[in-house]
Amino acid sequence: MRRPTHNPMGRHQRLTALRRVLDNDAAPLRSRAAAALVLLFAQPLTRIVCLTTDDILDDGQQVHLRLGAPPSPLPEPVADLVRDYLRSLPAHTPAVNLSTHWLFPGRRPGQPVNTSTLRDALRDLGFPNQRARTSAIRHLVLQAPAPVIAKALGYHDKTATRLVTEAGGTWSRYAPGDHTR
């Protein structure tokens, strides 16, 4: 059996995938919201399923997602998708799980959706989860210093630094730490 490749998508492919996720009104909101988080913030599904509704901060003008410090702003089309998804939660949550705070609640009371269930839903959407995640993190670490990305997205500093090197980034000489003194 041939092992699937996890080559990252090109930037254009990733943006096309995001547009497809945003425009596909026929697909379940849960799958679309999860796919958008992978495409924008390179979050693994194991972390996405652990998000709670308290991790979404909406002041009425801007929506932020608490992944690290500070919370990451959601661009407007994705913010609208997440708002729509949050409004849909009570209607799509099993009655036994109505009081849950999981952003992606599962069928079992008090439990988030199973990672493999969410992965299957994304696959049904035609979404290349691993390729999208790899593409997103590589794009992010090329745009800003690895320690900044690591802190904002909840990645370990060493992981982000390794990803910069793999992506051919030039932030390797950036001095992490508090520069406010």
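# Questions on a Predicted Model

Student: Which residue with a positive phi follows α7?
Tutor: Helices are DSSP runs of H or I with at least four residues, strands are DSSP runs of E with at least two, and both are numbered from the N terminus. The phi of the residue in question is near 80°, and the residue that follows α7 is glycine 154.

Student: What pLDDT do local features need in this model?
Tutor: Residues are numbered from 1 along each chain as its sequence is written, and side-chain values use heavy atoms, with hydrogens and water left out. The model is predicted: totals for chains, interfaces and linings use all residues, side-chain atom pairs count only at pLDDT 80 or more, and local features need pLDDT of at least 70.

Student: How many helices and how many strands does the protein chain hold?
Tutor: Along the sequence, the pattern reads α-α-α-β-β-β-α-α-α-α-α. The protein chain therefore has, counted as DSSP runs, three strands and eight helices.

Student: How many of the eight residues of α7 are buried?
Tutor: A residue is buried under 20% relative accessible area, exposed over 50% and partly exposed in between, with a 1.4 Å probe and protein chains only. In α7, the buried residues are Ala146, Pro147, Ile149, Ala150, Ala152 and Leu153. α7 is thus mostly covered, and its buried residues number six.

Student: At what angle do the axes of α2 and α6 cross?
Tutor: Two packed helices are described by the angle between their axes and the distance between the axes. Here an axis is a line fitted to C-alpha atoms over the stretch in contact, and angles run from 0 to 180 degrees between N-to-C directions. The axes of α2 (residues 29–41) and α6 (residues 129–143) come within 6 Å, and they cross at roughly 35°.

Student: Which residues of α6 make the contact with α2?
Tutor: Contact means heavy atoms within 4.5 Å. From α2, the contact draws on Val38, Leu39, Leu40 and Phe41, and from α6, on Asn129, Ala132, Arg133, Ala136 and Leu140.

Student: How many residues of this contact are nonpolar?
Tutor: Ala, Val, Leu, Ile, Met, Phe, Trp, Tyr, Cys and Pro count as nonpolar, Asp, Glu, Lys and Arg as charged, and the others, Gly among them, as polar. The contact of α2 with α6 has one charged residue, one polar residue and a nonpolar count of seven.

Student: Is asparagine 129 buried or exposed?
Tutor: Asparagine 129 lies in helix α6. Leaving out residues up to four places away in sequence, asparagine 129 touches Val38, Leu45 and Leu122. Because its relative accessibility is 13%, asparagine 129 counts as buried.

Student: What is the phi of alanine 42?
Tutor: Alanine 42 is placed in the loop between α2 and α3 (45–48). With a relative accessible area of 0%, alanine 42 is buried. Although alanine 42 is not a glycine, its phi is positive, at about 55°.

Student: Which residues line the largest cavity?
Tutor: A cavity is a set of points on a 1 Å grid over the protein atoms alone where a 1.4 Å probe fits but cannot get out, and lining residues have an atom within 4 Å of a point. The structure holds one cavity of 30 Å³ or more, and α2 and α4 (76–92) each supply at least two residues of its lining. By class, the lining has six nonpolar, no polar and no charged residues. They are Ala33, Leu37, Val82, Tyr85, Leu103 and Phe104.

Student: How far apart in space are threonine 115 and phenylalanine 104, C-alpha to C-alpha?
Tutor: Threonine 115 is found in helix α5 and counts as buried at 16% relative accessibility. In sequence, threonine 115 and phenylalanine 104 are eleven residues apart, and their C-alpha separation is 10.0 Å.

Definitions and conventions:
1 Å grid on protein atoms, 1.4 Å probe; cavity = no way out; pocket = protein on both sides within 12 Å on 5 of 7 lines; lining within 4 Å. Points joined across faces, edges and corners; volume = space filled by probe spheres on them.
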